[in-house]
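Dear colleague,

Please find below the structure that I am handing over to you. My notes on what was found in it follow directly after.

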Amino acid sequence: MAATAKVHATEEQSRALAEESRETTWAKPSFAKELFLGRFRLELIHPYPQPAPAEAARTDEYLKRLRAFVETIDGAAIEATARIPDEVVRGLADLGCFGLKIPAEYGGQGLSQVGYNKALMLVGSAHPSLGALLSAHQSIGVPEPLKLAGTPEQRRKFLPRCAKGAISAFLLTEPDVGSDPARMACTATPTADGEAYELDGVKLWTTNGVVAELLVVMARVPAGEGRRGGISAFVVEADAPGITVERRNAFMGLRGIENGVTRLHRVRVPRDNLIGREGDGLKIALTTLNAGRLAIPALCTAAAKWSLKIGREWSATRVQWGRPVGAHGAVGAKLSFIAATTFALEAALDLSGAMCDEDRNDIRIEAALAKLWASEMASVIADELVQIRGGRGYETAASLAARGERAVGTEQLVRDLRINRIFEGSSEIMRLLIAREMADAHMAAAGALVDRTATTGAKARAAVGAGRFYAGWFPRLTVGPGTVPSGFGEFGALATHLRFVERMSRKQARALMYAMARWQAKLEYRQGFLGRIVDIGAELFAMSAACVRARALATAGDPGAAGAAELADTFCRQSRIRVQTLFAALWDNTDDADTALTADLLDGRYRWLEEGVLDPSEGTGPWIAEWQFGPSTEPNLHAPFHLGGS
């Protein structure tokens, strides 16, 4: 091991680990997977799945109690002090917020995914740091991995503590390791007696790590005789000897989160705290994120709802040139976008959550699409709200209040939302992840044909199998119910949008096949093309969710059904324009020119363009801080709330 504790991995090794860690089978149907294959299976989401009446009533009763407490939280104080007060955490714990999805048998609330999402939306609207606190604890922290892969003993030992408020954190990222876990340096060395592991390493951006009682730590177990080894997951007591929280990191947004740098030096972890098997760590993490990622669209939807309220109230009050600013077309178009997109965000969120609860669909692509699309669209909504508010949108809430105006934190919204395009997989990584999943059927049929390392014999055998697959699949992409004028007639005026979705589903499937034939093994490097295909799929998924939700409200006789249909129709009209733009850009783009220019840029050819300015960061430190194994030389900043007890 080098002094800097770096682990080097080739492109092939990184790819192999990623492939090994993903779920390779599809035991249940997937609406989104079928959509990418050009098969619009509306029956998988229609009728729009709904929670059982008893579950909905229980959730509503809980949300009423939660709302009464959330209304007492001073979000401005959290923003000003960059801390969540102890009494707020204690109040959330008393209401069972740290066990929202933990089954009642372990002391949790046992809410459904839909109910959990609604609770996160409510809490996160008081201050987004609260949403991050709760979601990091139970979407990716100890509870979810143990529910999925923990032993009965582990669940009995840790879940009741988590439900009471023993905060947990997830430790994966390292100073030199982000989305490429093949380079992970943190180690978990089995002890000589085989009864424990010793953990060594440094973890970066440990959300909740500063105040956690329990940690999920990802570390590499060395392979050996009779030992599988590999990246593994462990439950670790945060106050175990050898653990030091060396930093509390500060960010442009989410000012109240307790995010740190954690060093582990010879931390002894009992063998019984291994989650699953050795080498299953990344697979457990990815499986956890299938549902865990839905926390982000929940918080994004909450932000969109608040933006809609502020935009409506301000635009009806502020008068310019004799009319409310909302009555001017330029502002009105922004309000229409915010309203229509908010409807679609909630439709996609509730649909994904209900599908998760039903457990009859594989939602790994749906959850990833919801996270990607919601994080991108919410950022656009926030930017548009700043524009609608003008100078007051750029001014801080505290400054507005100081001169006697309503304390509207629009600029804070932009800062807080920005991380969602990075959290739990950046938008760029999400597009690659979804692209791999959407191409799974193609890889199964013709994988060797697009594999740079495949032998000639393997390619020949793959060609035979691919021929059989495409002979049956490709002809079905020419026609479908989207070409029939009466198709999806039960949806009334929205039927035209579902016909569009069906046609575009087949069109993007054909485009992907053309790309595979054109670029073959080089397709994986065409990230611009793959990203646009994924973005098309995200829009089609959102359109489907919006139409199906509007239809469900009409069927139920909901008083808001007419408005829902109008919102869905407008959203689909806006989305269709984005889809058509993405399709045009598949083949008419600057991707090749961008690649060539970037290569020259990295070689320093355009350094002259950087002249004439100062770089205040010059000389302040390396791009990535180096670290070494060993004991900490820093004060321990670990300060757990200790609400849950042991």
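**Findings**

Among contacts in the protein chain (heavy atoms within 4.5 Å) between residues at least 6 apart in sequence, 77% join residues at least 24 apart. Please note that this is a predicted model, in which local features need pLDDT of at least 70 and side-chain atom pairs count only at pLDDT 80 or more, while totals for chains, interfaces and linings use all residues. Residues are numbered from 1 along each chain as its sequence is written, and side-chain values use heavy atoms, with hydrogens and water left out.

**Overall form**

The protein chain holds 23 helices and 10 strands; these are DSSP runs, numbered from the N terminus, with helices being H or I of at least four residues and strands being E of at least two. The C-alpha trace spans about 75 × 70 × 65 Å along its principal axes. The radius of gyration of the protein chain is 25 Å, which agrees with the value near 26 Å that a compact globule of 646 residues would have. That radius is taken over C-alpha atoms, and the globule rule is 2.2 Å times the number of residues to the power 0.38.

Of the 646 residues, 54% count as buried. Buried means under 20% relative accessible area, exposed means over 50%, and partly exposed lies in between (1.4 Å probe, protein chains only). The protein chain exposes about 28,700 Å², of which carbon and sulfur atoms supply 56%; accessible areas come from the Shrake-Rupley method with a 1.4 Å probe, and for residues only the protein chains shown count as cover.

As to charge, the mean positions of the 75 positive and 75 negative charges are 5 Å apart. Lys and Arg count as positive and Asp and Glu as negative, whereas His and the chain ends are not counted. The place of a charge is taken as NZ of Lys, CZ of Arg, CG of Asp or CD of Glu.

**Nonpolar cores**

A nonpolar core is a set of buried Ala, Val, Leu, Ile, Met, Phe, Trp, Tyr and Cys residues joined through side-chain atoms within 4.5 Å. The largest one has 98 residues, and Leu-369, Phe-529, Leu-540 and Phe-571 touch the most other members. Helix H21 (residues 527-555) contributes the largest share of this core, 16 residues. A second, separate core of 44 residues includes Ile-102, Cys-162, Met-184 and Ile-243.

Not counting residues up to four places away in sequence, Phe-571 touches Ala-340, Thr-341, Ala-344, Trp-373, Glu-539, Ala-542, Met-543, Ala-546 and Arg-578.

Thr-342 lies in helix H12 and is buried, with a relative accessible area of 5%. Leaving aside neighbours within four places in sequence, Thr-342 is in contact with Ala-304, Lys-305, Leu-308 and Ile-381. Thr-342 and Ala-382 are 40 residues apart in sequence and 12 Å apart in space, C-alpha to C-alpha.

Thr-59, in helix H3 (residues 53-70), counts as buried at 5% relative accessibility. Leu-111 and Gly-115 are in contact with Thr-59, its neighbours within four places in sequence being left aside.

Val-479 is placed in the loop between helix H19 (456-473) and helix H20 (495-519) and counts as exposed at 59% relative accessibility.

**Backbone points to inspect**

Most residues other than glycine have a negative phi, and most peptide bonds are trans. The peptide bond from His-46 to Pro-47 is cis, with omega near 5°; Pro-47 is in the loop between helix H2 (31-36) and H3.

Trp-205, which is not a glycine, has a positive phi of about 55°. Trp-205 belongs to strand E3 (residues 196-207) and is partly exposed, with a relative accessible area of 48%.

Asp-359, also not a glycine, has a positive phi of about 60°. Asp-359 is found in the loop between helix H12 (329-358) and helix H13 (364-389) and counts as partly exposed at 48% relative accessibility.

With kind regards
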